[in-house]
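Hi everyone, thanks for coming. I'd like to walk you through a structure that may be new to you, so let's bring it up on the screen.

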Amino acid sequence: MVSYKELGLVNTREMFAKAVAGGYAIPAFNFNNMEQLQAIIKAAATKRSPVILQVSKGARSYANQTLLRYMAQGAVEYAKELGWENPQIVLHLDHGDTFETCKSCVDMGFSSVMIDGSALPYDENVALTKKVVEYAHQFDVTVEAELGVLAGVEDEVAAEESHYTRPEEVIDFTSKTGCDSLAISIGTSHGAYKFKPEQCTRDPKTGILIPPPLAFDVLAEIEKKLPGFPIVLHGSSSVPQEYVKIINENGGKLPDAVGIPEEQLRKAAKSAVCKINIDSDSRLAMTAIVRKVFNEKPGEFDPRKYLGPARDEMQKLYEHKIVNVLGSDGKA
Ligand code: G3H
Ligand code: 13P
Ligand code: ZN
């Protein structure tokens, strides 16, 4: 049993309270490898932004949970080395699907876990979430839960269609489970294809898809029921079209990839939404640069020569999100 406190990590409680009161959101960036982690920490340290490092089930099986935990511990020291005196870094399990997975993460030093029972019948979601909360809270580890179903398909996280969170359930759910934050469904989804072309309109000049707006009315109703309660948005990548273009121009094939427009995320960040999850945008940034280097320098075979520029681009992307979308710069 290792406490995250010994590793220099923090849980989300104070971070979320400040974000809700201050009208900004904390970035939750997924990581699977060293380059992503370096880029996240450099961006957060440079911009003095609190940050949540997210580890998904896919990341755990790709990179190994123990290794990722030690990498996060190293990240705290790296942040200090970069001159960030008091790093505010959370190590979070993304989309935990069983009590055992959540317990294992709590026991090995994660400071926050998500139990995603959103695909279960309501009462089973309540029971599972409550069990995780009871365990995690003994160690001051915070728990994110989910109500409502996100559309989209991304590896282990799959749902055919979205069901918006029902505002009439949120008081009952949060009071019965004792969860610390609640992920909701208001039209976002995982991956780089968040909307079907028929759900969008098309810009006549560029041919780029313009997605429909998020259900801000549902968010407003939830906020009314749970004033000040921390709300989480998954599936919040914007799918920057400049990366899609670079990928497609360098041998890739991402037709009609579309994300959530940044002005909508900016609006959400000013509300009770205090955690915004971004994974796909970082994947796109990395893929775009790697494809470009491969295309332009076919003789290159030193991984540092393509992963290095990819890492720099990801840092640029993370800093942009922190400063121009979430507003979390200067908050840590
Ligand atoms: O919520 C989904 C995240 O983007 C993680 O995806 O399971 O492919 O690591 P992954
Ligand atoms: P994106 O696929 O939009 O980046 O969402 C990531 C996410 O929600 C991780 O939990
Ligand atoms: Zn998610």
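Predicted model: local features only at pLDDT ≥ 70, side-chain atom pairs only at ≥ 80, totals over all residues.

The chain contains 12 helices and 12 strands. Its radius of gyration is 19 Å, close to the 20 Å that the globule rule gives for 332 residues, so the chain is as compact as a globular protein of that length. Along the principal axes, the C-alpha atoms fill a box of roughly 60 × 45 × 35 Å. As for the interior, 51% of the 332 residues count as buried. And if we take the contacts with a separation of 6 or more, 74% of them join residues 24 or more positions apart.

Now let's look at helix α9, which spans residues 241-249. Which residues of α9 are buried? They are Y243, V244, I246 and I247. These four cover an arc of only 165 degrees around the axis, which puts them on the same side of α9. Part of their cover comes from α11, residues 280-296. On the face turned away from that buried side, you'll find the exposed residues E242 and E249. After α9 comes G251, with a positive phi near 95 degrees.

Last stop: ligand 2. There are 14 residues around ligand 2, and H234, S237, N277, D279 and S280 come nearest. What is the shell made of, by residue type? It has one nonpolar residue, 10 polar ones and three charged ones. Two strands, β3 (89-96) and β12 (273-278), each supply at least two residues of this shell.

Definitions and conventions: Residues numbered from 1 in each chain as written. Chains lettered and ligands numbered in written order. Near = placed C-beta within 6 Å. Nonpolar A, V, L, I, M, F, W, Y, C, P; charged D, E, K, R; others polar. Rg over C-alpha atoms; globule rule 2.2 N^0.38 Å. Buried ≥ 20, exposed ≤ 12 C-beta atoms within 10 Å, placed from the backbone. Contact = placed C-beta atoms within 7 Å. Arc of directions from axis to C-beta.
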